[in-house]
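Trainee: I would like a close look at one part of this model. Please take me through it step by step.

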Amino acid sequence: MLWIILGQMPLPQVTMQERHRKMKKSFSRSTLRGQKGFSEIGLKLEMVSQDALRRTIFPLGGLTKDFVKKIAAENRLHHVLQKKESMGMCFIGKRNFEHFLLQYLQPRPGQFISIEDHKVLGTHKGWFLYTLGQRANIGGLSVPWYVVEKDSAKGDVFVAPRIDHPALYRDLLRTSRVHWITEEPPAALVRDKMMECHFRFRHQMALVPCVLTLNQDGTVWVTAVRAVRGLATGQFAVFYKGDECLGSGKILRLGPSTYMLQKGQRRAGVATESPSDSAEEGPDLRPSL
C-alpha cells in the first residue's frame with residue numbers, strides 16, 4: 001500500500017467518516033472495518049496519530065486487493081501477481097522461527113506441564129518461543145497439545161489437550177492507556193465510564209461485542225460478551241463502533257480462563273455441599289479494578 005505524506009498542509013482535525021467523504025481516494029481509518037480486504041490495515045493504522053492522519057492519503061483508496069491485482073495483470077506486472085502473501089513475519093521468510101529467535105536470545109530450558117493434572121509432558125528451549133493458543137511441539141505424544149499459560153519466572157509452559165479446551169478461552173482483559181484516534185475517549189465512555197462496542201486482536205478474526213470500562217489512568221477493562229480463544233499479553237486490542245475504528249490499547253493483563261472459572265465454581269460447589277470440611281481456599285479469579 002502506497003502512502004503519501006503531505007508536508008505541512010494545515011488541515012483541521014478529521015474523523016474517519018469525514019475523511020472518507022471529503023477525499024474518496026484516501027482511506028479513512030474509521031471506514032476500514034467496513035471495507036472488504038482491509039481488516040489487516042485497520043490493525044496497523046489504529047496507532048497512527050491524528051496529526052499524521054491529517055496529512056496522509058491512501059492512493060489506492062477503497063479498492064479491494066483483488067481489483068488491484070486485476071490492474072496489475074492488465075499492466076503485465078506478473079511478479080506482483082506471483083508473489084505469495086505473507087502470513088507470518090515477512091523479514092524471517094522461510095527460516096525456522098525458533099531457530100531465528102535462538103540466534104539472538106539465550107535458551108532458557110523449561111518444562112511443558114499439563115494444566116489439568118500438572119504432569120510434566122516434556123521440555124522446551126524457552127517459554128518465549130511460544131504464544132498462547134499455539135500448538136506445542138511435544139515429542140512422543142499422540143494427540144496435539146496447546147499452550148494455555150506461561151510462567152516466565154520458572155520457565156514452565158502450561159498446555160492443554162484439544163484445540164477447543166476451555167483453558168484457551170477468556171472473556172476479560174486490561175489494556176494499556178488507550179490511543180484514541182480522535183485524541184479523546186468517546187463522549188459516551190467519558191460520561192458513563194462504560195461503553196458497548198466491538199474489538200479484535202487479530203486481523204482476520206470476526207469482531208467480538210464487548211463492554212469497555214474506563215479507568216482513571218486511561219486504561220480500559222474489556223469484557224467480551226463471549227469467551228475468546230487465544231488472547232495473549234503483548235497483543236493489541238483494537239476497538240470499533242459501527243464502521244469507525246476508535247483506537248487501540250496493548251493487552252497488559254488477562255482475566256482467568258474459562259477452565260479456571262469452571263474449576264473455581266466446582267470448588268465452591270463442593271464447599272457448599274460440605275461446609276464442615278476445611279476445603280482449600282481457591283484463588284481470586286477476577287482481577288481488581
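Is histidine 118 buried or exposed?

Mentor: Histidine 118 is exposed, because its relative accessible area is 52% and the cut-off for exposed is over 50%. Keep in mind that this is a predicted model. Histidine 118 sits in the loop between β3 (110-114) and β4 (120-124). Its backbone deserves a look too. The phi of histidine 118 is near 60 degrees, a positive value in a residue that is not glycine.

With a relative accessible area of 70%, arginine 76 counts as exposed.

Now turn to the charged pairs. Side chains of opposite charge can pair when their charged atoms come close. The structure holds five salt bridges. Let us go through some of them.

Start with arginine 170 and glutamate 149. Their closest N and O atoms are 2.5 Å apart. Arginine 170 has 5% relative accessibility, so it counts as buried; the cut-off for buried is under 20%. Glutamate 149 has 26%, so it counts as partly exposed.

Strand β8 comes up again with arginine 174. The side chain of arginine 174 meets that of aspartate 217 in a salt bridge, at 3.6 Å from N to O. Again, the pair links distant parts of the chain, here 43 residues apart. Arginine 174 is in strand β8, while aspartate 217 is in the loop between β11 (208-214) and β12 (220-229). Arginine 174 counts as buried because its relative accessibility is 18%. Aspartate 217 counts as partly exposed, at 41% relative accessibility.

One more pair: arginine 162 and aspartate 164. They form a salt bridge whose closest N and O atoms are 3.3 Å apart. Arginine 162 is partly exposed, with a relative accessible area of 44%. Aspartate 164 is partly exposed as well, at 45% relative accessibility.

To recap the burial calls, arginine 170 is buried and arginine 174 is buried.

How values were computed:
Residues numbered from 1 in each chain as written. Predicted model: local features only at pLDDT ≥ 70, side-chain atom pairs only at ≥ 80, totals over all residues. Heavy atoms only, no water. Salt bridge = Lys/Arg side-chain N within 4 Å of Asp/Glu carboxyl O. Buried < 20%, exposed > 50% of the residue type's maximum accessible area, 1.4 Å probe, protein only. Helix = DSSP H or I, 4+ residues; strand = E, 2+ residues; numbered from the N terminus.
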